[in-house]
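Dear colleague,

Please read the text with the structure open beside it.

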Amino acid sequence: MQTTNSTPPIDLLIVGAGFGGLYMLHTARQRGLTALVVEAAGGVGGTWYHNRYPGARVDIQSLEYSFGFDDALQQDWCWTERYAAQPELLAYANHMADRYALRDGILLDTRIATAHWDEAALCWQVAAQDGRHWSARHLVLATGPLSTPNQPDFPGLQEFKGRVLHTAAWPHEPVDLAGLRVGVVGTGSSGVQTITTLAPEVAQLTVFQRTPSYAVPAHNGPLDKALEAQVKADYPAFRERNRRTMGGFGSMLPPNTFSALSVSADERERMFEERWQIGGFGLLGTFNDLIVNPVANELAGEFVRNKIRSIVKDPATAAALCPTHPIGCKRLCVDTGYYATFNRPNVRLVDLQAAPIERFTASGLVAGGVEHTLDAIVLATGFDAMTGTLLRLDLRGRGGRRIQDHWQAGPLNYLGLCLSGFPNLFTLTGPGATAAFTNVIVAIEHQVQWIADTLTDLRARGVRTLEATPEAEADWVAHVNAVAARTIYLGCNSWYLGANIPGKPRIFMPLFGFPAYVQKCADVQQQGYAGFQLAPAVP
Ligand code: N01
């Protein structure tokens, strides 16, 4: 696509060719808008392009973690497993790019460096690191909530002579760790999957754990053909049922509607066990108060800790693997034999709370005064989530205001979609939206359709700029935090709070509750874009 400052501005410049960017491009084109996607990576797929670590797979069932906007797509596409693995998810993203003929609208290997609002021209002037630049009436940042890897500043890491790998930047060529002594730092979702998959392959696996994780079994396997046929026969209604759930998925196993405290201890155990056997996130729906009542939550936490104690043979290792924070407060991991992995003779756990990492050396690392000799280190240390990618951009709004200044005390936003002082800019799956707690594809479909509806509507009314007011923005951030305060989510150090990154403002970033969010976004549209300034104003 020919787009430079000398040509008229395009309607939309979209940063990122993950699921969000792909669907935004497709939808924009369907609405007759000109759009270009600029992507730093060498291919489409976003998360599933970069996260190629051993064992990477989605933790929401494939039949749910997929697009529903086109019935032909959902009927044609066949998942092979209950939880799709990374290669299949990447193939799905590529299939979308081909099926909807999107590739001629996507520039790969091109990293956006600057985006400045041009007050005179009422458009965004956007430049890539290689010097190419574009003018666009609207900017959509489809950069994803988990796209900038967190690489902690471990002393001496550069002295380590072995291989250092990060789960979120895994090499594209095969990595052979067979027969090596491997250390994995981090035990979140990425670490849990990596550890479980690597353990049988390597000579010795040392797991460096700072905070233990709750993990529930996936019971993954080939996709049940009868279930697939049943869902496909009813796919639109199935999607609609999922959209009405708190997280945009899980309608096949709806949450129960009564308290954990309303049943006997035996009955509670039986019900937890039933959902443990089914597997996946449904455990948190065993009762309706596990996320809002700390007493109920503790009962679920103790159920999982008892599982850990029954699975892990060495009592000291089992004790170290038992989390003490509220279950669900950090994202629940969905595993395939994670705890049992610690019964293997070649796997050992180092509890960093008792023995913190002091420094890396040429041949390993020292933790709690003990040197661990390693041939390779895998950092499963997560992401500078939700804000990390945008704060690394030179993004400037009205009057040259920098995003770094606007977000100095945390990511101010309205509806998780727009920022005051940054007209005609939209974040997809960003802070203030529900993506982190939602089936992200469902979240993307909703936000993209809201943006497309808004642009279509405002264009028809002759509106050139849409901008959140500072008051609406402040109220929205307060709302997001007030919702979190009614749950157990403020009770631990999670990436939702920015607590995993030293020095990051501690503010709760994602919104909990998808249906209420969808309703609010619809209300704002119906009320003539309440909380926004439109120019020229709609009569
Ligand atoms: O990252 P994390 P992740 N020294 O932040 C530890 C999604 N996801 O990549 O908890 C030592 O959860 C850190 O310790 P602590 C999903 O939304 C989905 O695993 O901060 N350790 C933690 O153990 C998920 O929530 C899927 O004390 C350090 C780990 O590193 C999100 O991505 C798969 C450390 C990081 O865990 C992030 O998951 C993968 C340090 N300096 C990811 N710094 C699926 O769909 C950090 N840690 C299956």
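The buried residues of helix α5 are S190, G191, V192, Q193, T194, I195, T196 and L198, so that in this predicted model the helix is mostly covered, with eight of its ten residues buried. The cover over these buried residues includes two strands given here with their ranges, β8 (181-185) and β9 (204-209), and it also includes β11 (333-335), α11 (338-341) and β16 (376-379).

Leaving aside neighbours within four places in sequence, the residues in contact with S190 are Y53, T167 and A380.

An N or O atom in the side chain of K330 is 2.6 Å from an oxygen atom of the ligand, and a polar side-chain atom of R331 lies 3.4 Å from an oxygen atom of the ligand. From A380, which was named above as a contact of S190, the approach is made by the backbone, with an N or O atom at 3.3 Å from a ligand oxygen. On its own the ligand has 910 Å² of accessible area, and the protein covers 88% of that.

A second residue that I looked at is T427, which is found in strand β18 (residues 425-427). T427 is buried, because its relative accessible area is 3% and the limit for counting as buried is under 20%. Not counting residues up to four places away in sequence, T427 touches L141, L390, G416, L417, L419 and Q447. With G416 there is also a specific approach, in which the side chain of T427 reaches the backbone oxygen of G416 at 3.1 Å. The C-alpha atoms of T427 and G144 are separated by 8.8 Å, although the two residues are 283 residues apart along the chain.

As for the protein chain as a whole, the secondary structure comes to 16 helices and 20 strands. The radius of gyration is 23 Å, close to the 24 Å that the globule rule gives for 539 residues, so the chain is as compact as a globular protein of that length. Taken along the principal axes, the C-alpha atoms fill a box of roughly 70 × 55 × 45 Å.

Of the 539 residues, 57% count as buried, and the accessible surface of the chain comes to about 21100 Å², with 54% of it belonging to carbon and sulfur atoms. Where contacts between residues at least 6 apart in sequence are considered, 72% of them join residues at least 24 apart.

With best regards

Technical notes. Residues are numbered from 1 along each chain as its sequence is written. This is a predicted model: local features need pLDDT of at least 70, side-chain atom pairs count only at pLDDT 80 or more; totals for chains, interfaces and linings use all residues. Side-chain values use heavy atoms; hydrogens and water are left out. A polar contact is a pair of N or O atoms within 3.5 Å; within protein, one must be able to donate a hydrogen and the other to accept it, and residues adjacent in sequence count only if both atoms are side-chain atoms. Accessible areas come from the Shrake-Rupley method with a 1.4 Å probe; for residues, only the protein chains shown count as cover. Helices (H or I, at least four residues) and strands (E, at least two) are DSSP runs, numbered from the N terminus. The radius of gyration is taken over C-alpha atoms; the globule rule is 2.2 Å times the number of residues to the power 0.38. Buried means under 20% relative accessible area, exposed over 50%, partly exposed in between (1.4 Å probe, protein chains only). Contact means heavy atoms within 4.5 Å.
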